[in-house]
Amino acid sequence: MTIEEMRQKKLQKGYSYAQISSLSKVPLGTVQKIFSGETAHPRYATLQALEQALTEQDNNIILKDNTIFSYGNPQEKKQGEYTTEDYFITSDEIRVELIDGVMYDMKTPTFDHQKIVGEIYRQIANYLIENNRNCEVGIFPVDVQLDCDNKTMVQPDIFILCNNEKLLKGKVFGAPDFVLEVISFATKRKDYFRKLEKYENAGVREYWIFDPYKKELIVFFFECDIYAQSYDLKQPVPIYIFEKKLQIYFDQIVKWCQSFEKK
C-alpha cells in the first residue's frame with residue numbers, strides 16, 4: 001500500500017493520527033511526518049505496521065444512528081463506558097460530543113446554520129462589550145466539561161459564562177449560565193431531550209433551542225416556576241439572565257431560515 005493509499009484509507013475510516021499511532025504502535029510524531037510527506041522514505045517495517053493498522057477491520061470505528069461505536073472487538077468499550085480520554089482521541093478528526101459516557105457524532109454544521117449562530121453571537125458580544133458586562137460569550141466549537149467529571153464533554157453552539165474561574169486552558173469546566181443550540185435533523189432529539197435534562201441538572205440557568213425549520217424558539221429559564229416559553233420571533237426575545245436588558249432580534253435570521261424550508 002502506498003502512502004497516498006494510506007491517506008485515503010485514513011479518511012475512509014475516519015481515524016485520527018493518535019488512533020493510527022495507537023493501533024500500529026508507531027510513534028505519533030512518526031505517523032504525522034509520514035502522512036504529511038515530511039518523511040520521504042519511511043522504513044519498510046514502519047509502513048507494514050501502518051498498513052496493518054489501516055486494514056484491520058476489528059478495530060474500525062464507524063458512525064451510525066448519530067452515535068459512534070466500535071464493532072468486532074470484544075475489548076472495545078460500549079456506549080456508556082467512554083470517557084474524556086476517549087473523547088480527546090476521537091475528536092481529533094471526528095467531531096463528537098460525550099454525554100454520560102455515550103459518544104454522539106456531530107455533523108459538520110452548514111453555512112446557513114453558522115450564519116444564524118454567528119448573528120446571535122454578534123448581538124450578544126456587542127451587548128457585553130458596550131455594557132461592560134463581566135461575562136464571556138463562546139461559540140462552537142469550545143469544549144465544555146459540563147459536570148466536571150470524565151463522562152461528559154459538550155460543544156454548545158453558543159454559551160455565556162459569567163464566572164471566569166470556570167474558564168481554564170481554553171475550556172469550560174462546569175455549567176455556563178446560558179446555552180443556545182440551533183437544531184438540525186441530526187441533533188433534534190438530542191437537543192430537545194438529552195441536552196435539556198443535562199443542562200438543567202448541571203446548573204445552566206437558561207437554555208434556548210432554536211428551530212430554523214419551524215422558525216421557532218423555545219426558552220427554558222430554569223430559575224422561574226414557569227420556565228418554558230415559545231416565541232414566534234416577530235418581536236425581539238429577551239435573555240433572562242441579563243434581567244431582559246439584552247434582547248435578540250431575529251428579523252434577518254428569519255429571512256435566512258427560508259433556505260431550511262428547501263431541505
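Visitor: Is Glu-197 buried, partly exposed or exposed?

Guide: In this predicted model, the relative accessibility of Glu-197 is 45%. Buried means under 20% and exposed means over 50%. Because 45% falls in between, Glu-197 counts as partly exposed.

Visitor: With which residue does the side chain of Glu-197 meet in a salt bridge?

Guide: Side chains of opposite charge can pair when their charged atoms come close. For Glu-197 the N to O distance to its partner is 3.9 Å, and a salt bridge requires a distance within 4 Å. Both residues lie in helix α7, three residues apart, which is about one turn of the helix. The partner, partly exposed with a relative accessible area of 24%, is Arg-194.

Visitor: Are Lys-195 and Asp-191 buried or exposed?

Guide: The side chains of Lys-195 and Asp-191 meet in a salt bridge, at 4.0 Å from N to O. They are four residues apart in helix α7 (residues 188-202), and so about one helical turn separates them. Lys-195 has a relative accessible area of 2%, and for Asp-191 the value is 2%. Since the cut-off for this class is under 20%, Lys-195 is buried and Asp-191 is buried.

Visitor: Which residues are linked with Asp-191 and Lys-195 in a network of salt bridges?

Guide: The structure holds 13 salt bridges, including the one between Lys-195 and Asp-191. These two residues also belong to a network of salt bridges.

Visitor: How far apart are the closest N and O atoms of Glu-4 and Arg-7?

Guide: Glu-4 and Arg-7 are three residues apart in helix α1 (residues 3-13), so about one helical turn lies between them. Glu-4 is partly exposed at 42% relative accessibility, and Arg-7 is partly exposed at 26%. They form a salt bridge in which the closest N and O atoms are separated by 3.0 Å.

Visitor: Which strands stand at the edges of the open sheet of three strands?

Guide: The strand order in this sheet is β6-β9-β8, with mixed pairing. A strand at the edge has a single partner strand, so one side of it is left without a neighbour in the sheet. The strands in this position are β6 (144-145) and β8 (167-168).

Visitor: Which residue in β9 is the bridge partner of Val-144?

Guide: Strand β9 covers residues 171-173 and pairs with β6 in the parallel sense, over two bridges. Val-144 has its bridge partner in β9. That partner is Val-172.

Methods:
Residues numbered from 1 in each chain as written. Predicted model: local features only at pLDDT ≥ 70, side-chain atom pairs only at ≥ 80, totals over all residues. Heavy atoms only, no water. Pairing = 2+ DSSP bridges. Buried < 20%, exposed > 50% of the residue type's maximum accessible area, 1.4 Å probe, protein only.
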